[in-house]
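Work through the exercises below with the sequence and the structure open beside you. Try each task before reading its solution.

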Amino acid sequence: MAFFQVIAGVTSSLMVTPVLMLILCIIFVGSLGKSFGIRRLYVNFLLKIFEYGRVNIETAKKSRYPEADDTETEGTTQAQTTITTADHAEKVIANGNGYLGKTPQQNGGNHLISRDPLILAPDAETTTKKEPTRKISSSDGETSDEFTGEENNFEFNLENCLDYVKAGMEAIIEDDVTSRFEAEELKNWNLLTRTNRHYEFISWRLTVIWMCGFFVRYTVLMPLRVLICFLGVLWLVICTALVGSLPDNEFKRWTVPPILRHCFSILASSVSLVASYHNEENRPLNGICVANHTTPVDALVLMHDNCYSLIGQRHGGFLGVLQRALARASPHIWFERAEAKDRLAVAQRLRQHVSNPRNPPILIFPEGTCINNTSVMQFKKGSFEVGGVIYPVAIKYDARFGDAFWNSSRYSMMQYLYMMMTSWAIVCDVWYLPPMFRQEGESAIDFANRVKSVIAKQGGLVDLMWDGQLKRMKPKKEWRQKQQEEFTKRLKGE
C-alpha cells in the first residue's frame, strides 16, 4: 500500500511541476512585456475553429430546413444588395484584425429601422428645422414659394408633426440608447453559451468541439488565469508599496513608469490580452488622454503600453484594492460621483496635474460609463475645459473572442471578471490619434464633440449625441421642455 502511495505522490509531483513551470514562464515573459507569439497563434487557431463551426451550422440548417434556408438566403441576398447600394458612397472601415469592419451605420447592431438622428435629439438646438412654405399667387398667374415664418396667418398642416410622430414610433420599436448597453450581436457563433443560439447540439461534430472548448476554458484557462491574476495583483501591491516608500524625487518619477508597465503586463496575461497598437508616434507623453469606454480593462490595455495617471469614481472591493495600490506610487484622482462639491475639487486637481509637465498623461474616459463598443456617446465637457493638449485614443474590441463590455447595472465586478476569465481571449486594436487643441472661439462642448467624432471615425463606431448616463437615469426634464418648445416653433413656422 505504501508503495502505491509513493508512486501516486511522485506522479502528482511530476504533473504539478510542468504546470508551475508554465505559470512561471508566462509570468516572466509577461513581466518583460515580451511575447513568443503564442497568443496570436491561439487567436488565429480560434478563427479557423469559428469558421469551421459556421460552415457546419449552415450545412446542418440546409439539411434540416432546405426550403426555409432557400427563402432566408434569397431574402438575405436582397437585403445585402439594398444595403450595398445605399451605402456605396460610404467608406468601409478596416478594424485591424485581418477582416473588413462594418460601416458606422451597420456597426451599432442589427437595427430594424433607419432613423433621422436629428429628430428628437437630446439638444433641441441640433434638430433639423423644416421651414414650412406656402404658395403665393402673383398678378401674372405664376406661383412661387414663400417662407411663412414671418406671416401671422400661418395655417396648420398635419405634415408638420409627422417627423415627430415617426421618430416617436421608431423609439418605441427600437430606441437608439438601450441597445448600446447590451452585448454586441455576433454574426457567427463563437462557441460560448452566453452568446448561444442553441447551436451546440445542431450536429455531433459541433457538439464535440463545444465540449472540448468548454473543458479547456473551465479546467485549463480559468484556473491558470485566476492564479496569474492573483499573483499579478499581489505583485502590483508589493511593487507600488515599495515605490511609494521612496522620496518624491526624480529617481522615483523615473522608476514608476517601467514598474507599472511591468505589473500591468502580468495582469494582461490573466485575460489573454492580444492588443495591436497603431500610430505609436502619437502616444501621449503628458497632458490629457481621452478614449472611448467599454470596460475597466480599457485602463489595463492602455497601461500595458504606456504609463498614465488615472481619474475616476472611487470603488470598493477588487477595484478599490487596485486604486489604493496605484495611489501609493503615482498621482491619481479618485472622486465620488454623487458629490457635486467634490467635482469642483476634481476639476481643480485636474488643472494642477496637467499644469505640471513632470506628471504622466492623465487618462480620462469622458463618456462616464461603459458602452458596448458599438458606439461613442456624449463626452462630458469637464476634461475639455481644462485647456492644453488632448490626445484621442480609439479602442475597438473583437467581440468574437469575448464580450469585453461591462454592464455594471447588471453584473458585479467579480461576475464580470468571471466572464472575462472564461472567455477565449481579449483581442483589441488601439489607435493613437494626433494631438488636438481647442480652437479659438470654440466652446468646450464643440471641442468635445469634435474629439468624439474623430475617435468614432477611427474605431468604426457610431457617433451618438445621447448621454451615457441614460443607462442609470431618466431623461432630464430640460430635454423634454426643449423638444416641446422646438415643436411649438415648428407649428408656428418660426
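Of the 494 residues of the chain, 42% count as buried, where buried means under 20% relative accessible area, exposed over 50%, and partly exposed in between (1.4 Å probe, protein chains only). The model is predicted: local features need pLDDT of at least 70, side-chain atom pairs count only at pLDDT 80 or more, and totals for chains, interfaces and linings use all residues. Residues are numbered from 1 along each chain as its sequence is written, and side-chain values use heavy atoms, with hydrogens and water left out.

**Exercise 1.** State how many helices and strands the chain has.

Solution. Step one is to find the DSSP runs: helices (H or I, at least four residues) and strands (E, at least two), numbered from the N terminus. Step two is to count them, which gives 13 helices and 11 strands.

**Exercise 2.** Find the residues with the most contacts inside the largest nonpolar core.

Solution. A nonpolar core is a set of buried Ala, Val, Leu, Ile, Met, Phe, Trp, Tyr and Cys residues joined through side-chain atoms within 4.5 Å. The largest has 59 residues, and V301 and V430 have the most contacts inside it. Next, list the neighbours of V301, taking a contact as heavy atoms within 4.5 Å. Leaving out residues up to four places away in sequence, V301 touches L273, A275, Y277, Y397, C428 and V430. A second, separate core of 24 residues includes F335, I390, W431 and L433. In soluble globular proteins, nonpolar side chains tend to be buried together.

**Exercise 3.** Is T255 buried or exposed?

Solution. First locate T255: helix α7, residues 250-269, contains it. Then compare its relative accessible area, 11%, with the cut-off; T255 is therefore buried. Its side chain reaches the backbone oxygen of F251 at 2.6 Å. Finally, look along the chain: A329 is 74 residues from T255, and the C-alpha atoms of the two are separated by 9.6 Å.

**Exercise 4.** Describe where T422 sits and what T422 touches.

Solution. T422 lies in the loop between α11 (413-421) and β10 (426-432). Its relative accessibility is 0%, so T422 counts as buried. Not counting residues up to four places away in sequence, T422 touches L192, R194, R217, Y218, M222 and R225.

**Exercise 5.** What share of the contacts with a separation of 6 or more joins residues 24 or more positions apart?

Solution. Keep the contacts in the chain with a separation of 6 or more, then select the residues 24 or more positions apart; they account for 75%.

Notes: Contact = heavy atoms within 4.5 Å. Polar contact = N/O pair within 3.5 Å; in protein donor to acceptor, adjacent residues only side chain to side chain.
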